[in-house]
Amino acid sequence: MASHIVGYPRMGPKRELKFALESFWDKKSGAEDLQMVAANLRSSIWKQMASAGIKYIPSNTFSCYDQVLDTTAMLGAVPPRYNWTGGEIGFDTYFSMARGNASLPAMEMTKWFDTNYHFIVPELGPETKFSYASHKAVTEYKEAKELGVDTVPVLVGPVSYLLLSKPAKGVDKSFSPLSLLGKVLPVYKEVVAELKAAGASWIQFDEPTLVKDLDSHQLQAFTQAYTELESSLSGVNVLIETYFADLPAETYKTVTALKGVTGFGFDLVRGSKTLDLIKGGFPSGKYLFAGVVDGRNIWANDLAASVSTLQALEGIVGKDKLVVSTSCSLLHTAVDLVNETKLDDEIKSWLAFAAQKIVEVNALAKALVGQKDEAFFSANAAAQASRKSSPRVTNEAVQKAASALQGSDHRRATNVSARLDAQQKKLNLPILPTTTIGSFPQTMDLRRVRREYKAKKISEDEYVKAIKEEISKVVKLQEDLDIDVLVHGEPERNDMVEYFGEQLSGFAFSANGWVQSYGSRCVKPPIIYGDVSRPKAMTVFWSSMAQSMTSRPMKGMLTGPVTILNWSFVRNDQPR
Ligand SMILES: CN1c2c(nc(N)[nH]c2=O)NC[C@@H]1CNc1ccc(C(=O)N[C@@H](CCC(=O)N[C@@H](CCC(=O)N[C@@H](CCC(=O)O)C(=O)O)C(=O)O)C(=O)O)cc1
Ligand SMILES: N[C@@H](CCS)C(=O)O
């Protein structure tokens with residue numbers, strides 16, 4: 001059975017791309033240095049997948065900033081304010097769109113579905129002209145081929161691209177970017193033709209908007225797009241890849257009837273209902289790319305469970321048409337567990353980062369054709385069992401407290417107006433009081449102090465002293481500005497989620513488990529493996545220190561529980 005990976009993290013196991021980008025932006029190194037780091041990362045990713053035995057290896061999932069911005073460049077859809085005058089889009093124009101430049105702001109950035117990844121939103125209007133202006137997909141396909149790896153070039157699909165776009169400034173809000181479909185398809189045709197000429201035998205179109213609730217007009221755009229591309233796509237296998245959720249039943253019908261398409265990729269981790277749709281009918285002769293390995297979390301796959309899912313699917317689509325895959329791009333998980341030297345062996349045995357997930361995908365594909373790696377499977381079964389029974393996962397006191405919760409515990413005893421009165425009596429605020437959200441800029445000095453404290457190069461007293469100085473500066477500044485409700489500036493926090501995780505039990509932390517959030521910026525999501533409790537007060541020390549410095553009210557900032565859950569690697573042994 002064949003194996004496939006939807007996409008792979010770009011930052012590198014030690015965030016090599018981040019440092020290369022920031023050094024280039026700071027003019028400390030040149031474009032060639034950045035290109036070289038990027039090429040080395042791509043090469044090692046491709047080789048890693050090839051040596052793991054993956055059949056369908058993606059290319060063009062690497063990016064120096066964002067895959068949607070790469071598509072904007074491919075389509076030459078540069079907003080006029082960046083003064084691009086044609087030709088192949090280079091770093092100058094590309095990074096101006098991503099980050100702005102001395103005289104222009106960046107394009108808007110927004111969340112990529114419900115992940116913590118952010119993409120650059122295309123700005124389109126009736127006047128937008130499209131032309132083939134970045135040959136990256138083809139160049140990267142050829143680059144891999146020269147290294148001896150035949151890859152599946154990945155493109156953001158034309159319909160998702162338009163559905164994720166917004167009307168440019170000055171364009172009527174009612175303008176629908178989808179009306180530009182007929183104008184972007186000719187560029188896609190050129191790209192496809194070049195990829196075919198370069199030797200590509202498969203092309204993957206990522207169409208994740210298919211998991212959204214689409215109206216009939218939007219759904220029809222998919223039919224229209226792939227019908228129009230059909231003749232260009234002849235002679236090449238086409239994979240339509242969807243992820244992050246179930247496909248609505250109507251969408252499933254439309255998608256599986258698309259012209260010119262050879263295979264469909266579905267997220268079977270978040271999309272449990274899609275499995276039922278497949279069982280209800282799958283087009284004969286087409287490939288099913290079954291996303292059974294979770295691309296959004298760090299838990300080792302339950303290989304035995306995946307094998308039984310895959311066996312059921314095999315009965316429906318046929319042995320030669322089933323491909324084992326990841327649920328989505330591995331962009332949303334950490335890179336490689338081998339660099340985690342501080343996590344204990346028990347927790348480590350429960351985990352799989354991107355590099356380990358590749359191995360899992362291949363092990364599953366082999367097992368399905370009778371080449372089961374018994375040692376690998378039994379180690380996996382043992383890890384699954386240890387995670388289920390480990391006393392570190394369950395905390396009786398937490399379970400007892402949780403089951404004792406009653407409906408009334410979810411409601412406050414007082415109403416809003418009573419609380420407002422009490423607040424006013426105590427704080428005596430003006431009608432429109434001023435405050436800020438909480439954090440002041442994290443300076444290089446602050447980060448250095450924290451780094452030195454964590455590395456035990458400075459004492460706790462020295463650390464507290466440094467943070468106290470910062471708080472006192474921030475308090476003074478706000479008093480000078482006559483702010484009504486002050487904040488302490490959160491200088492002690494490395495990240496608004498990681499910081500709280502560090503104070504709670506049931507959390508584990510990686511040293512290098514970075515996940516790209518946007519551009520060169522990454523987050524290191526905490527790993528929630530057990531019942532969560534709070535061994536001691538958190539943030540009170542700093543807030544009361546700050547309050548002691550002023551007679552004005554000092555606000556305390558807590559990252560809310562839902563945000564902590566959404567931005568951590570959460571348990572998969574509990575309902576979402
Ligand atoms: C508000 N946002 C947040 C999101 N998610 C979060 N979890 N947190 C957020 O604040 N999502 C939406 C938005 C936008 N997202 C981001 C994401 C990332 C950044 C950002 O600036 N990230 C930094 C990393 C910040 C950090 O954790 N810094 C640490 C230091 C880490 C470090 O570099 N350490 C050194 C050495 C460590 C050692 O020796 O021990 C290293 O690793 O080399 C800190 O301050 O302590 C980034 O640079 O990517 C912003 C908004
Ligand atoms: N208290 C947090 C909120 C970020 S939205 C901060 O100020 O960084």
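Mentor: We may begin with the exposure of a single residue. Ser 216 counts as exposed because its relative accessibility is 61%, and exposed means over 50%. Please keep in mind that this is a predicted model.

Trainee: In which helix is Ser 216 found?

Mentor: Ser 216 belongs to helix 8, which covers residues 216-233. Sequence distance and spatial distance may also be read together: Ser 216 and Glu 250 are 34 residues apart in sequence, and their C-alpha atoms are 9.2 Å apart in space.

Trainee: How should I read the backbone angle phi?

Mentor: Most residues other than glycine have a negative phi. In this structure, Arg 15 has a positive phi, near 55°. Asn 60, likewise not a glycine, has a positive phi of about 70°.

Trainee: Where does Arg 15 lie, and where does Asn 60 lie?

Mentor: Arg 15 is in the loop between strand 1 (2-3) and helix 1 (16-25). Asn 60 is in the loop between strand 2 (57-59) and helix 3 (67-74).

Trainee: Is Arg 15 buried or exposed, and what of Asn 60?

Mentor: A residue counts as buried under 20% relative accessible area. Arg 15 is therefore buried, at 16% relative accessibility. Asn 60 is buried as well, with a relative accessible area of 12%.

Trainee: How many residues surround ligand 1?

Mentor: There are 19 residues around ligand 1, and the closest are Arg 15, Lys 18, Asn 116, Arg 521 and Cys 522. By class, this shell has seven nonpolar, five polar and seven charged residues.

Trainee: Which side chains have an N or O atom at a stated distance from an atom of ligand 1?

Mentor: The side chain of Asp 495 has an N or O atom 2.7 Å from a nitrogen atom of ligand 1. For Ser 517, the distance from a side-chain N or O atom to a nitrogen atom of the ligand is 3.2 Å. In Arg 521, a side-chain N or O atom is 2.7 Å from an oxygen atom of ligand 1. The ligand taken alone exposes 1000 Å², of which the protein buries 69%. Helix 17 (444-454), strand 14 (515-518) and strand 15 (521-523) are the elements that give two or more residues to the shell.

Trainee: How is the chain divided into domains?

Mentor: The domain assignment gives domain 1 (1-12 + 267-390), domain 2 (56-240 + 247-261) and domain 3 (432-515 + 528-570). The centres of domain 1 and domain 2, taken over C-alpha atoms, are 27 Å apart. Between these two domains, 22 residues of domain 1 are in contact with 22 residues of domain 2.

Conventions: Residues are numbered from 1 along each chain as its sequence is written. Chains are lettered from A and ligands numbered from 1 in the order in which they are written. This is a predicted model: local features need pLDDT of at least 70, side-chain atom pairs count only at pLDDT 80 or more; totals for chains, interfaces and linings use all residues. Side-chain values use heavy atoms; hydrogens and water are left out. A residue is near a molecule or strand if one of its heavy atoms lies within 4 Å of it. A polar contact is a pair of N or O atoms within 3.5 Å; within protein, one must be able to donate a hydrogen and the other to accept it, and residues adjacent in sequence count only if both atoms are side-chain atoms. Accessible areas come from the Shrake-Rupley method with a 1.4 Å probe; for residues, only the protein chains shown count as cover. Helices (H or I, at least four residues) and strands (E, at least two) are DSSP runs, numbered from the N terminus. Ala, Val, Leu, Ile, Met, Phe, Trp, Tyr, Cys and Pro count as nonpolar, Asp, Glu, Lys and Arg as charged, and the others, Gly among them, as polar. Buried means under 20% relative accessible area, exposed over 50%, partly exposed in between (1.4 Å probe, protein chains only). Domain bounds come from an automatic or database domain assignment. Contact means heavy atoms within 4.5 Å.
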